Amino acid sequence: VFHEIVSDLIHLDVHHVPPSDEHPFHLLFTTGMSDLPMTLPEGLDVPARAELMIALPPEWKLSEDDLSDEKWYWPIRQLKTIARLPHEYETWLGHDHTIPNGDPAEPYDEGVPYCGAMVVPPLLLPDEAIEIELPNGEPLSIFALFWLTNGEMTLKLNEGADALYERLDELECCELLEPDRPDVSLPAN
């Protein structure tokens with residue numbers, strides 16, 4: 001667990017499940033985002049509590065020394081930043097929401113093509129883990145973050161999430177961070 005020492009609004013920890021034969025990737029997920037309900041628009045019938053996850057390739061460096069380098073830390077920083085957004089701005093996160101890294105959006109780190117994230121249903125988790133029931137009976141959604149280039153965010157905003165998903169499906173993409181994934185907003189070679 002990457003314990004948060006100083007917290008504001010919510011105490012947010014990031015849990016790490018290392019790669020295994022069953023799941024050959026690092027799985028990182030938040031706890032604490034769901035401590036407070038999100039502020040849902042009136043009439044919206046979705047769970048008000050959620051947590052986020054990301055998946056990193058098995059070669060991703062996660063030692064304490066490595067995480068002092070933004071090259072390795074940026075996905076965790078963004079996971080924590082995005083998990084706080086609903087509480088900081090009294091709003092909510094749900095499927096297909098995009099979160100740019102600034103305005104204009106800039107890459108998360110030097111050499112990283114991604115400058116935004118989209119909230120997506122996790123494809124790497126079993127169906128029964130996507131929405132769970134809390135002890136009080138309240139539902140809690142688990143969302144994944146999918147990293148996007150500037151062009152992919154523009155494609156999603158201009159043509160809709162389905163157009164983006166269609167192109168990503170052609171590459172058989174999921175929420176696993178692929179540093180060298182082709183930009184699906186560009187014409188295929």
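A residue is called exposed when its relative accessible area is over 50%, buried when it is under 20%, and partly exposed in between. The model described here is predicted. The protein has 3 helices and 7 strands, and buried residues account for 44% of its 189 residues.

**Overall fold**
- Starting at the N terminus, the order of elements is β-β-β-α-β-β-β-β-α-α.
- The radius of gyration is 16 Å, which agrees with the value near 16 Å for a compact globule of 189 residues.
- The C-alpha trace spans about 50 × 45 × 35 Å along the principal axes.

**Salt bridges**
- The whole structure contains 3 salt bridges.
- One of them joins Glu138 and Arg49, with 3.0 Å between the closest N and O atoms.
- Glu138 sits in the loop between β6 and β7 and Arg49 in strand β3, so this pair ties together parts 89 residues apart in sequence.
- Glu138 is partly exposed at 24% relative accessibility, while Arg49 is buried at 15%.
- Glu152 pairs with Arg181, the closest N and O atoms being 2.5 Å apart.
- Glu152 belongs to helix α2 and Arg181 to the segment after α3, 29 residues apart; both residues are buried.
- Arg77 and Glu70 form a salt bridge at 2.8 Å, N to O; Arg77 is partly exposed at 36%, and Glu70 is partly exposed at 25%.

**Surface charge**
- Asp162, Glu166, Asp169, Glu170 and Glu172 form a negative surface patch.
- Glu170 lies in helix α3, residues 161–170.
- Glu170 counts as exposed because its relative accessibility is 63%, and the cut-off is over 50%.

Notes: Residues are numbered from 1 along each chain as its sequence is written. This is a predicted model: local features need pLDDT of at least 70, side-chain atom pairs count only at pLDDT 80 or more; totals for chains, interfaces and linings use all residues. Side-chain values use heavy atoms; hydrogens and water are left out. Patches are made of residues with over 30% relative accessible area and no salt bridge: like charges are joined within 9 Å, nonpolar side chains (Val, Leu, Ile, Met, Phe, Trp, Tyr) within 5 Å. Accessible areas come from the Shrake-Rupley method with a 1.4 Å probe; for residues, only the protein chains shown count as cover. A salt bridge is a side-chain nitrogen of Lys or Arg within 4 Å of a carboxyl oxygen of Asp or Glu. Lys and Arg count as positive and Asp and Glu as negative; His and the chain ends are not counted. The place of a charge is taken as NZ of Lys, CZ of Arg, CG of Asp or CD of Glu. Helices (H or I, at least four residues) and strands (E, at least two) are DSSP runs, numbered from the N terminus. Buried means under 20% relative accessible area, exposed over 50%, partly exposed in between (1.4 Å probe, protein chains only). The radius of gyration is taken over C-alpha atoms; the globule rule is 2.2 Å times the number of residues to the power 0.38.
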